[in-house]
Amino acid sequence: MATEQGTAEVPLVKISTKPAPKKRPEAPTYFAFHRMRKMVHLACVIIFFTLPLSNLVRFDIPHQRFYFMGRELWISEFGILFLSMMFLLFVIAGMSIIYGRVYCGYLCPQMIFSEAADTTEREINRRVKKYVRLDAAKQKLLSRTIFYLLLGIASVILAFVFISYFVEPRDLFRRLMSFDIRTAGGIAGATTTIITFLDFLVLRQRFCTTVCPYGYLQGILGDGNTLLVHYRDPQHECIECKKCARVCEMGIDIRNSPFQIECIHCADCIDACNEIMGKLGKAGLIHYSWGDRELPESLRESWFRRIGIRDAKRVIILLIMVVYGCGLYIAISARRAVLVKISPDRATMYQIAQDGNIANKFRVQIANRGQEQATVVLGIEDLPGATLAGTENALVVNPGGTLQKDFQVVVAPGSVPGGVNHFQLTTKVGNEREKYPQTFITPTKE
């Protein structure tokens, strides 16, 4: 058809009848608890291996010593040991009340090494199936052989480190190299190795629900504000993928209850739910929460409530921990490395020598609780003309050693009045000087 001059043709527009592709919902961001937990596990393993070597916390049973924060405490120092035990007791109780089973999931050596055993066994099975061309029965036999061998080596190492908390590591290493199974240390090491091997071979996580009392203790210490892993689905958004149950190291379904004794608050189920629901553009349905309550509306809560200090009971527990901690710090700071005790020996009141000199007998006991050799210098004050006899003035004591010495204080006749004379014996250790009030007895005229 002809068109008039100057009139432009209208182009045809092709209209598609296909629906526009749906935009995938953006996944909300969430915190990866599993990654953080494995980093904490690694830090705990490093601490577990280094503590007995650094003497930060260690009992030396053969030498009756307790090492705390690098200080060597003797069993006789009951006050400091009591404060140490009470402080650690309240730390454990306070953590249980405020943070529930977080210790089990993040810090417990049994759980850490049990999960490591599971991971190692799965990885060995996977690699043998992938790289070894054998029938299924032989692959299984090979996998078990490799796993048992690695588990045996790991059991020896773990038992050695554990016993090192109670026996000096160098001494224990010599016992291990000589295959000592006669002494108490060697028998303890061999027994611990066998128990460790059987534990990670048979029990693993079942230890937490059959042997360990901490889970039952937590049921007593927890209250309405204790940290829980809680499943909430008021809108019925759960898609029944059950990944939260599949990833659980303890083999439970958190949807059944937040109060299951097997739950160790590891938060693996939180990560699993966040991952699946995040693909649908929705938030996860499992969360950490303070007690069996609704989640906080936002982070507008005060900082101390967000970290778990939510009532007066928790404030009191923290104050008690601070008191014991300060008391322990003061006791350790005021502690002297060299302990000196001087006492008179009154089996005889006095002795008179052939030259007329008068002597009184004394006894000095020195305990060097430090890590360096100590020299104790004895002196006399307020007793004119008195000298020491039966010992040298400077007494040397090795680190961790003790010394007991009898000596005499001698005066010339007539230099002091008859009867009881008060004076002071002095000791000097480095720059520290100490005085010990004593009495010197001389014969009286009838």
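This is a predicted model: local features need pLDDT of at least 70, side-chain atom pairs count only at pLDDT 80 or more; totals for chains, interfaces and linings use all residues.
Residues are numbered from 1 along each chain as its sequence is written, and side-chain values use heavy atoms, with hydrogens and water left out.

**Helix 5 and helix 6**

I looked up how helix 5 (residues 136-164) packs on helix 6 (residues 169-177), and found an angle of about 140 degrees with the axes 9 Å apart; the two helices are therefore oblique to each other. Helices here (H or I, at least four residues) and strands (E, at least two) are DSSP runs, numbered from the N terminus. Axes are lines fitted to C-alpha atoms, for helices over the stretch in contact, and angles run from 0 to 180 degrees between N-to-C directions. At this packing, Val-156, Phe-160, Ile-163 and Ser-164 of helix 5 meet Pro-169, Leu-172, Phe-173 and Leu-176 of helix 6, where contact means heavy atoms within 4.5 Å.

**Helix 11**

I then turned to helix 11 (residues 268-279), whose twelve residues reach 17 Å from first C-alpha to last, close to the 16 Å expected at 1.5 Å a residue, the expected span being 1.5 Å times one less than the number of residues. Ten of its twelve residues are buried, so helix 11 is largely enclosed by the rest of the structure; buried means under 20% relative accessible area, exposed over 50% and partly exposed in between (1.4 Å probe, protein chains only). I traced the packing of these buried residues to helix 1 (33-54), strand 4 (227-231), helix 10 (243-246) and strand 5 (286-290). Just after helix 11, Gly-281 takes a positive phi of about 75 degrees.

His-265, in the loop between helix 10 and helix 11, has a positive phi of about 60 degrees and is buried, with a relative accessible area of 5%. Lys-242, in the loop between strand 4 and helix 10, has a phi near 65 degrees and is partly exposed at 45%.

**Gln-365**

Last, I looked at Gln-365 in strand 8 (residues 358-368), which is partly exposed at 31%. Its C-alpha atom is separated by 6.4 Å from that of Ile-342, 23 residues apart along the chain.

Notes:
Angles under 35 degrees count as roughly parallel, over 145 as roughly antiparallel, 65 to 115 as roughly perpendicular and the rest as oblique.
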